[in-house]
Number of protein chains: 2
Amino acid sequence: MSRLRTYIRSLEKEYLNELFKLLRMKSISPLPGYGEELRACAKTVCAYMEDAGIKSTLYATSGNPIVYGEAPADGNAPTVLIYGHYDVQPEGDRAVWQSEPFEPVVYNGKIFARGAGDNKGQLFAHIKGYEAYKKNYGTPRVNMKYLFEGEEETGSPSLLPFAREHRDLLRADITIWSDGNIHSSGHPVLILGLKGICYIKLTVNGPCRDLHSGYAPVVGSPVWRLVWLLSLLKDRNGGIAIPGFYDGIEGPSEEGLRAIRGIPGALADYQTDWKTDDLCGAADLEAFYTKYIYEPTLNIGCIQAGDLENSKNIVPAGATAYLDVRVVPGQKPDEIIRSLRSWLDENGFEDVAMEGRGMAASFTPLDLPGVRIIKDIARDVWGKEPILYPGLGGSGPFTIFNDELGAPCVMFPYAQADQHEHGPNENLSVEGLLRGIEASAEIIARFGAGIEDE
Amino acid sequence: MSRLRTYIRSLEKEYLNELFKLLRMKSISPLPGYGEELRACAKTVCAYMEDAGIKSTLYATSGNPIVYGEAPADGNAPTVLIYGHYDVQPEGDRAVWQSEPFEPVVYNGKIFARGAGDNKGQLFAHIKGYEAYKKNYGTPRVNMKYLFEGEEETGSPSLLPFAREHRDLLRADITIWSDGNIHSSGHPVLILGLKGICYIKLTVNGPCRDLHSGYAPVVGSPVWRLVWLLSLLKDRNGGIAIPGFYDGIEGPSEEGLRAIRGIPGALADYQTDWKTDDLCGAADLEAFYTKYIYEPTLNIGCIQAGDLENSKNIVPAGATAYLDVRVVPGQKPDEIIRSLRSWLDENGFEDVAMEGRGMAASFTPLDLPGVRIIKDIARDVWGKEPILYPGLGGSGPFTIFNDELGAPCVMFPYAQADQHEHGPNENLSVEGLLRGIEASAEIIARFGAGIEDE
């Protein structure tokens, strides 16, 4: 579709100007005090969608507003839902940035700004993709829906309630999640699932204040209790001992294992990058990705008691651990949290305070007809064979689209591998932006041609 | 000896003026940058001793100087060694002090200043006690020796090397350690021993940087390794599993258990103060003190991995624990440290970095003739029956005096119970200072009468 490509390339300057306006907005969701900027950003996204011909609405939530847009097709057409987010991470350490985080600049073919890749540049590409399609071909033959939230960087707390409340509004045949990045080799990437997660905080209380450790024989130590408790949860072979933890796990699909064999790279790259040989027994890249994608985990993200800087000889008054339990399809997060509480109680840790909340995993079938269409678009726009990940080690709301809305989700990233999302010097290549706009227009074109089983 | 008492009471104002000069000196040993102030303080202590008639010398060490003083008796007399320290803790949080930490004031009958009780006021009392005795009775009939160090607040690293190098100089029949405080009931206290201690730092390294916890299935976690390692060291009944840990323990003596029965108080006082019922199974005060004094411990003073404030979902790059192992008489700290290293190696933790250094426990026999003399002095000066502690839960260099020098050590405190040593608003009651001077003079008088077996 060289006509669309030529059209898009001719508008580079205008695109950058408009995107820069979005990037200047400090729509930082993880810090307090940015509510106004978040609302202003949501309104600007709305306005851009209206300009592009997408009818859009701002929905209030208990947090930041959700931007919803709709561009209906003529007649009885299929529906594609695009999902992204306009909120961003804080800038972090300003000193490590080479330019102002909220004053975008183009340097070496890349747009540097917080949110350039994650996710303003990518959602902007979808808006402009629609506009480009419409300018060139008129009303699409596919119903396009757009769902841009403002809380993705804080775990999307309003997304599930919103989805449940607006099932009809969000009804779609497929969801394209526009986020993440392509492979470092330049191959485009499709991600077909993410794990779920249980966030768990454990707090053990001891005496009301730190005591001189001379009293250790006559006062219970919350640190030892935390160690004993944790040692009950996972054995040295990695086996998680919470009763029922592994119940219902679906395990890798044939297609999933086949896709894994297609992921390029070398095991040694990870060992070199991480400077460790301990890959938990993964002997080759296939085993590595199989574990990475299909194995549930119980990770201790943080443990703390006492004071490392002032290492006094004390019995600390308390001890805390943050766990993140990544769950795979078939596991039930709420049941895992309940089982953990019971397991602690049964083992004499009734006094330990525990907070937990969970979200389920969901993997989209790899043989979905829509996946083939997106794969074709990716191959044509990036000129390289797409890499299919049946899932990833991280977590995200696939389950909302797959299971709550019945609109199977595919993550289709436009940013390049070194976009530095969440870190300093976040960027999006201009080439990535233009290809993203083209891919977004192609989505409208090709899904408009109908979703057919192969 | 009412003549001495009257003399001492008449000099209150002069004593306070001189002590204030010492208290103004910032002889802070735990922080860097106070070397000059520490040396100046050591010199002032020297000068005060010379003024009192004690021949004194400054000994350089690899750290802060040691002040040694000598006042020989006529003829073949017994020898008493007084041990104390002129270094102090940092002021800590200035905001919690009600007056300047290094500008002493008297308020409500107490001298407020960092070091007032711990330990400048107490060592000053010994110097002035000597002076008072000499002014009133001439040359003592006991050889007095004074050992004042400047590193007590940092674990006395130079004391053992100095003692080994100067065995003849320090030869004595008894050591009186002037530090600590009397009982909150106003009863004077004699402490006959302290535990030893092994300081142990364990560091487990994982990947070279924190990784996204999505990688938890394929990268070894240093936090889990630390938990598994620690859970090998101590079971939930408090039993320490390091092979050989309990070898050689002498256990409580008959006299020790008898002394424990004489310690006043109530178990409930500790439970109320600490707001916990978990006293490790100590059902009554006798059991409490028996455990407190005679039970070795393995305490986790600090454990840390990840970041509590920014509880990211990461596999932390490393995990650290500080242990303090309190040992009792008969245990060999160096062997315990070696056994721990071997135990870790045997269990597959060869990679874990471990630093350790140890000091042995030592308890002085309670039936020592010198103990009876000090007990009599304490009873007469404070007007209440002294409480004997066969040992305490804390640690200190009793072993240097008892075992290296053969000059059995008795801790005989002058400060009152609420002296707030190491904390804000440290103080020494003027009454405690004057009684201390009197007790110091009595030591010279009564040990000069000879140390006889009962």
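How many residues does the contact take from chain B, and how many from chain A? It takes 66 from chain B and 66 from chain A. Keep in mind throughout that this is a predicted model.

**Stop 1: the two chains**

Colour chain A and chain B separately. Between them they bury about 5,700 Å². Carbon and sulfur atoms carry 62% of that area. Now select Trp224(B), Arg236(B) and Trp274(B). In chain B, these three lose the most area to chain A. Together they account for 14% of what that side buries.

**Stop 2: the axis**

**Stop 3: H8 and H9 in chain A**

Move to chain A. Select residues 267–274, helix H8(A), and residues 285–294, helix H9(A). Their axes come within 8 Å and cross at roughly 70°. Angles of 65 to 115 degrees count as roughly perpendicular, so H8(A) is roughly perpendicular to H9(A).

Show the side chains here. H8(A) brings Leu267(A), Tyr270(A) and Trp274(A) to the contact. H9(A) answers with Leu285(A), Phe288(A) and Tyr289(A). Which classes of residue make up this contact? There are 6 nonpolar residues, no polar ones and no charged ones.

**Stop 4: H11 and H13 in chain B**

Switch to chain B. Select residues 369–382 for helix H11(B) and residues 430–448 for helix H13(B). The axes come within 10 Å and cross at roughly 140°. Only angles over 145 degrees count as roughly antiparallel, so H11(B) is oblique to H13(B). The crossing is right-handed.

Now display the contact residues. On H11(B) they include Gly370(B), Ile373(B), Ile374(B), Ile377(B) and Trp382(B). Asp376(B), Asp380(B) and Val381(B) belong to the H11(B) side as well. On H13(B), pick out Arg435(B), Glu438(B), Glu442(B) and Arg446(B), among others. Gly436(B), Ala439(B), Ile443(B) and Phe447(B) are also on the H13(B) side. Colour this contact by class: 8 residues are nonpolar, 2 polar and 6 charged.

How values were computed
Residues numbered from 1 in each chain as written. Chains lettered and ligands numbered in written order. Predicted model: local features only at pLDDT ≥ 70, side-chain atom pairs only at ≥ 80, totals over all residues. Heavy atoms only, no water. Axes fitted to C-alpha atoms, helices over the stretch in contact; angles between N-to-C directions. Helix = DSSP H or I, 4+ residues; strand = E, 2+ residues; numbered from the N terminus. Parallel < 35°, antiparallel > 145°, perpendicular 65-115°, else oblique. Left-handed = near helix turned anticlockwise from the far one by under 90°. Contact = heavy atoms within 4.5 Å. Nonpolar A, V, L, I, M, F, W, Y, C, P; charged D, E, K, R; others polar. Buried area = accessible area lost by both parts, 1.4 Å probe.
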